[in-house]
Amino acid sequence: MSTAASITDEIGVNIFIEPLSKEHFFDEFDCEHQDTTDFLKDDALRYQNENIAVSWVVKDKFNVVLGYVTLSMAAIKANIPKIKLDGVSVRQYPALKIGRIGVTKEHKHRKIGKLLIMIATWKAKDLQDVVGCRHLIVDSYFDRITFYEQFGFERVESKPSGDTTKMFLLVSDV
Ligand SMILES: CC(C)(COP(=O)(O)OP(=O)(O)OC[C@H]1O[C@@H](n2cnc3c(N)ncnc32)[C@H](O)[C@@H]1OP(=O)(O)O)[C@@H](O)C(=O)NCCC(=O)NCCS
């Protein structure tokens, strides 16, 4: 996987990564997906204040949010054949969940989405040293599956629910 320096070179503007705060500007944020846009504007800070989820933002030097990824603790059922372990029997594996990810429309296709996935992966790796975190998981919309597959995410072979399907990445493979 790319380093932070190489990815910021690819993006080509000065960007900064930090947890969402009241200091950030996101009134104009529009990632062309209503729920994901609304979550940043209406809910993300409240989720953070209540310790439900943390949103990490990629911002410019003016504190304007270009993209964000929302992370929370989760678990994935251990009865998925693909991820059975030798000699370890547990009902669920610990995971970090990507709840939301979005990039504002003016900055799409500049690898900010890729950087946001990397941020999630770095956080999952940090957690591995502290509490154990085997997977990064996401409920992907069907037309976004290829976005996640390029980073190594695989579909969980269970029934998709509604308009999304569960995908997972084995963090130690990254
Ligand atoms: C999906 C999203 C986060 C990608 O952000 P981005 O910064 O444009 O992505 P990147 O520039 O890092 O893209 C890297 C590669 O991912 C692929 N990709 C980008 N957007 C994609 C999409 N919507 N579906 C499938 N693949 C996609 C492309 O191969 C792209 O490379 P390219 O631009 O050279 O063609 C962004 O389009 C977005 O905010 N979408 C609306 C919200 C959303 O759908 N969230 C995910 C819900 S599951």
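How many helices and how many strands does the secondary structure of the chain come to?

## Overall architecture

The secondary structure of this chain comes to four helices and seven strands. The structure is a predicted model.

The chain has 174 residues, of which 32% are buried. Among its contacts with a separation of 6 or more, 64% join residues 24 or more positions apart.

## The sheet

The seven strands form an open sheet with mixed pairing, in the order E1-E2-E3-E4-E5-E7-E6. E1 and strand E6 (154-155) stand at the edges with a single partner strand each, so one side of each has no neighbour in the sheet. Helix H2 (residues 34-49) packs on this sheet and touches E2, E3 and E4. The direction of H2 makes about 130° with that of E4.

Strands of a sheet pair through backbone hydrogen bonds, in either the parallel or the antiparallel sense. Both senses occur here: E3 and E4 pair in the antiparallel sense over 11 bridges, whereas E4 and E5 pair in the parallel sense over four bridges. Thr70 has Arg100 in E4 as its bridge partner, and Ala95 has His135 in E5. E5 is itself mostly covered, with five of its seven residues buried.

## Strand E2 and its neighbours

Strand E2 (residues 54-59) has five buried residues out of six, and it is therefore largely enclosed by the rest of the structure. E2 pairs with strand E1 (residues 16-19) in the antiparallel sense, over four bridges. Within that pairing, Val57 of E2 is the bridge partner of Glu18.

E2 also pairs with strand E3 (residues 65-77), again in the antiparallel sense, here over six bridges. Val65 in E3 is the bridge partner of Lys59. The two strands E2 and E3 form a hairpin with five residues between them.

Most residues other than glycine have a negative phi. Asn63 has 14 C-beta neighbours inside 10 Å and so counts as partly exposed.

Lys111 likewise has a positive phi of about 75° without being a glycine. Lys111 is found in the loop between E4 and H3. With 19 other C-beta atoms within 10 Å, Lys111 is partly exposed, because burial requires 20 or more. A positive phi, near 90°, is also found at Gly132, which follows H3.

## Helix H3

Helix H3 has 19 residues and reaches 27 Å from its first C-alpha to its last. This span is close to the 27 Å expected at 1.5 Å a residue. The buried residues of H3 are Ile112, Gly113, Leu115, Leu116, Ile117, Met118, Ile119, Ala120 and Ala124.

## Surroundings of the ligand

The shell around the ligand has 20 residues, of which Cys31, Lys108, Gly113, Lys114 and Phe147 come nearest. By class, the shell has six nonpolar, eight polar and six charged residues. Strand E4 (92-103), helix H3 (112-130), strand E5 (135-141) and helix H4 (145-149) each supply at least two residues of this shell.

Leaving aside neighbours within four places in sequence, Tyr148 is in contact with Val138, Ser140, Phe153 and Met167. Tyr148 and Lys114 are 34 residues apart in sequence, and their C-alpha atoms are 9.3 Å apart in space. Lys114 is one of the residues that come nearest to the ligand.

Notes:
Residues numbered from 1 in each chain as written. Predicted model: local features only at pLDDT ≥ 70, side-chain atom pairs only at ≥ 80, totals over all residues. Buried ≥ 20, exposed ≤ 12 C-beta atoms within 10 Å, placed from the backbone. Pairing = 2+ DSSP bridges. Near = placed C-beta within 6 Å. Nonpolar A, V, L, I, M, F, W, Y, C, P; charged D, E, K, R; others polar. Contact = placed C-beta atoms within 7 Å. Expected span 1.5 Å × (residues − 1). Axes fitted to C-alpha atoms, helices over the stretch in contact; angles between N-to-C directions.
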